[in-house]
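Biologist: Before I plan any work around this model, I would like to learn how to read its side chains with some care. Could we go through the features one at a time?

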Amino acid sequence: MPASHLSGVHAFVETAHHLSFTGAAESLGMTKSAVGKSVSRLEARLGVKLIHRSTRRLVLTQDGEAYLAAARRALEEIEAAEASLSSNHREIAGRLRIDAPAAWGRRVLLPILTEVALAQPGLRLSLSLTDRIIDPVAEQVDLVIRFGETADTADLISRKLAEQRAPLVAAPAYLARCGVPAQPEDLLRHCCVTGISREMPIGFRIARPGCAPQRLRVAPAHEIGDGSAVVEAAIAGLGIAQMPLSLVADALSDGRLVEVLPEFGTVPVGIFALWPRTRHLLARVRHVVDLLAAKGQAGAL
């Protein structure tokens, strides 16, 4: 790409950021006129209008919004490559977009990423915490962390980081009020608190002696789309829940929750890192995945 074309991209990105030619000019050390002409040349080369101009303000067009996302990512990749080369490949740089389950992400992942970001000043994080299953390719996310297998991974690379048990738990007050289940089928007559899933059937993972693990379908009394809130609902006595051990260990240790059907709640749940094949060679993705795998082996996930 000719240098003049790249300067036009820079000018557009800065103008879009400030929604002002003046602000872009100050950021780039150029004149307002030069920034405007650079953006106009870019629009002429692309054959589309990127910015609506009026006497009062600038507004991105629909094409401008789409081009901005691609342009920002391209410039970030160039910046990261230059930082890596200038530091003899010792520095991990650029923006890393990660999506992870909400409760686990706040409790476990965020402290780890904080360590990484402090050790790698050139790294920029965009962290989304949601229990919704996303498509990292469609949503332009570099790295996704999920519990359990993901159904469609054709365009993704998957690496298992760790696994942990997901016990069935309830508050002592709930069990005193509703009784203690003796068999997995008893769960069908209890109030169950689950997450919300449109991708996979709702159910509890059950291990029976001599049998393959199964998913016991339940009709949830309460569906809650956040792992921390599921745990809090169980502590409040709304019903029986099944959550990864890392999210209920404290409540089990201090008695706010007790485990029910412990002999049936032994199915390990895998923690997986998934990333688009197109992101496989990014040093920052490899660095974070390798670190998480090491944490997993040490039992820190």
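This is a predicted model: local features need pLDDT of at least 70, side-chain atom pairs count only at pLDDT 80 or more; totals for chains, interfaces and linings use all residues.

Biologist: How many aromatic pairs does a search of the whole structure find?

Modeller: The search finds two. One of them joins phenylalanine 12 and tyrosine 67, whose ring centres are 5.6 Å apart and whose planes stand at 50°, so that by the angle rule the pair is tilted.

Biologist: Which parts of the chain does the pair of phenylalanine 12 and tyrosine 67 tie together?

Modeller: Phenylalanine 12 belongs to helix α1 (residues 3–18) and tyrosine 67 to helix α4 (residues 62–86), so the pair links parts that are 55 residues apart in sequence. Phenylalanine 12 is buried, at 0% relative accessibility, whereas tyrosine 67, at 22%, is partly exposed.

Biologist: And what is the geometry of the pair formed by tryptophan 104 and phenylalanine 147?

Modeller: That pair is edge-to-face, with 5.7 Å from centre to centre and 85° between the planes. Because tryptophan 104 sits in helix α5 (residues 102–119) and phenylalanine 147 in strand β5 (residues 143–147), the pair ties together parts that are 43 residues apart in sequence. Both tryptophan 104 and phenylalanine 147 are buried.

Biologist: My last topic is cysteines: how many disulfides does the structure hold?

Modeller: The structure holds zero disulfides. To call one, the two cysteine sulfur atoms must lie within 2.5 Å; for cysteine 191 the nearest cysteine sulfur is that of cysteine 178, at 5.7 Å, and cysteine 191 is in no disulfide. Cysteine 192 is likewise in no disulfide, its nearest cysteine sulfur being that of cysteine 191, 7.6 Å away.

Biologist: How accessible are cysteine 191 and cysteine 192?

Modeller: Cysteine 191 is partly exposed, at 33% relative accessibility, while cysteine 192 is buried, with a relative accessible area of 1%.

Note on methods. Residues are numbered from 1 along each chain as its sequence is written. Side-chain values use heavy atoms; hydrogens and water are left out. Rings of Phe, Tyr and Trp (its six-membered ring) pair if their centres lie within 6.5 Å; planes under 30 degrees apart count as stacked, over 60 as edge-to-face and the rest as tilted. Helices (H or I, at least four residues) and strands (E, at least two) are DSSP runs, numbered from the N terminus. Buried means under 20% relative accessible area, exposed over 50%, partly exposed in between (1.4 Å probe, protein chains only).
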